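Here is a friendly walk through a few local features of this protein. Keep the 3D view open as you read.

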Amino acid sequence: MNGAGLDHLVVMAASLDEGLAWCEASLGVTPDAGGQHAFMGTHNRLLRISSPAFAASYLEIIAIDPQGQAPGGHRRWFDMDDAALQAQVRSQGPQLTHWVARVSGIAQATEALRALGYGAGTPQAASRQTPRGLLAWQIGLRPDGQRLLQGLLPTLIEWGDQHPEASMADKGVALLQLQLLHPDAAALHAALQAIGLGSHPALQVAQAPTPALVAHLHTPKGLVQLRSRL
């Protein structure tokens with residue numbers, strides 16, 4: 001899978017049961033089973049959202065695993081240990097919080113962001129077992145787990161031989177457009193250009209007083225807009 005592109009959207013939930021109920025109520029479908037991330041103490045459920053605009057893409061509903069262990073020496077990814085974000089998700093329900101971009105050379109993409117002043121973390125090898133075998137990837141992780149540019153600058157991922165979307169059922173949900181709204185839209189656009197995502201027609205960067213990630217989805221319930229509350 002060559003080149004850069006949107007890999008997946010991240011929806012954080014206080015629990016996977018809440019995430020499941022949210023998905024069924026909001027999008028009209030039941031997400032597929034996911035797996036556990038023992039090294040992060042999280043687990044997920046997955047939903048295919050591929051479209052002509054965003055090939056091989058999916059939505060990840062993720063929560064802290066009550067049966068898991070907190071990672072030692074670092075915080076969980078995607079700001080999941082942030083007390084304010086946890087409180088927001090508990091009080092307001094599951095919500096879009098971040099996105100992950102797929103790259104074909106994560107080391108080079110990480111360096112490109114570092115040259116612009118963005119510490120996108122160190123690529124770490126990760127894996128989990130699936131019914132189809134081992135799913136392996138590299139992902140850029142910061143020790144503090146912090147999302148950059150209020151979550152609008154994506155976490156970077158590079159997959160091994162398998163991509164999880166290939167085994168997901170098509171449930172009639174498709175990502176049509178992703179809007180990235182930020183007070184410093186020029187800086188965000190330059191960072192996306194540095195990792196090969198600067199000219200995607202359905203990935204729109206726009207100036208706005210308040211940062212927001214807005215996903216436009218076709219679903220069995222019609223057109224649905226997910227908007228982050230960053």
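## Ser-167 and its surroundings

The backbone oxygen of Pro-164 sits 3.2 Å from a polar atom in the side chain of Ser-167. Please bear in mind that this is a predicted model. Ser-167 belongs to the loop between strand 8 and strand 9 (174-182).

Is Ser-167 buried, exposed or partly exposed? Its relative accessible area is 42%, so Ser-167 counts as partly exposed. If you look for Arg-132, you will find its C-alpha 8.3 Å from that of Ser-167, although the two are 35 residues apart in sequence.

## Arg-147, a buried arginine

Arg-147 lies in the loop between strand 7 (133-141) and strand 8 (155-159). With a relative accessible area of 13%, Arg-147 is buried, because that value falls under the 20% cut-off.

Beyond its neighbours within four places in sequence, Arg-147 is in contact with Phe-78, Asp-79, Leu-85, Thr-97, His-98 and Leu-230.

## Helix 2

Leu-85, which is in contact with Arg-147, is also one of the buried residues of helix 2 (residues 83-92), together with Gln-88 and Val-89.

At the N-terminal end, Asp-82 caps helix 2, with a side-chain oxygen 3.2 Å from the backbone nitrogen of Ala-84. Just after helix 2 comes Gly-93, with a positive phi of about 95°.

## Helix 3

Which residues of helix 3 (residues 106-115) are buried? They are Ile-106, Ala-109, Thr-110 and Leu-113. Viewed down the axis, these buried residues fall within an arc of 100°, so they line one face of helix 3. Their cover includes strand 6 (122-130), strand 7, strand 8 and helix 4 (185-194).

On the face of helix 3 turned away from the buried side, you will see the exposed residues Gln-108 and Ala-115. Gly-117 follows helix 3 and has a positive phi, near 95°.

How values were computed: Residues numbered from 1 in each chain as written. Predicted model: local features only at pLDDT ≥ 70, side-chain atom pairs only at ≥ 80, totals over all residues. Heavy atoms only, no water. Buried < 20%, exposed > 50% of the residue type's maximum accessible area, 1.4 Å probe, protein only. Helix = DSSP H or I, 4+ residues; strand = E, 2+ residues; numbered from the N terminus. Polar contact = N/O pair within 3.5 Å; in protein donor to acceptor, adjacent residues only side chain to side chain. Contact = heavy atoms within 4.5 Å. Arc of directions from axis to C-beta.
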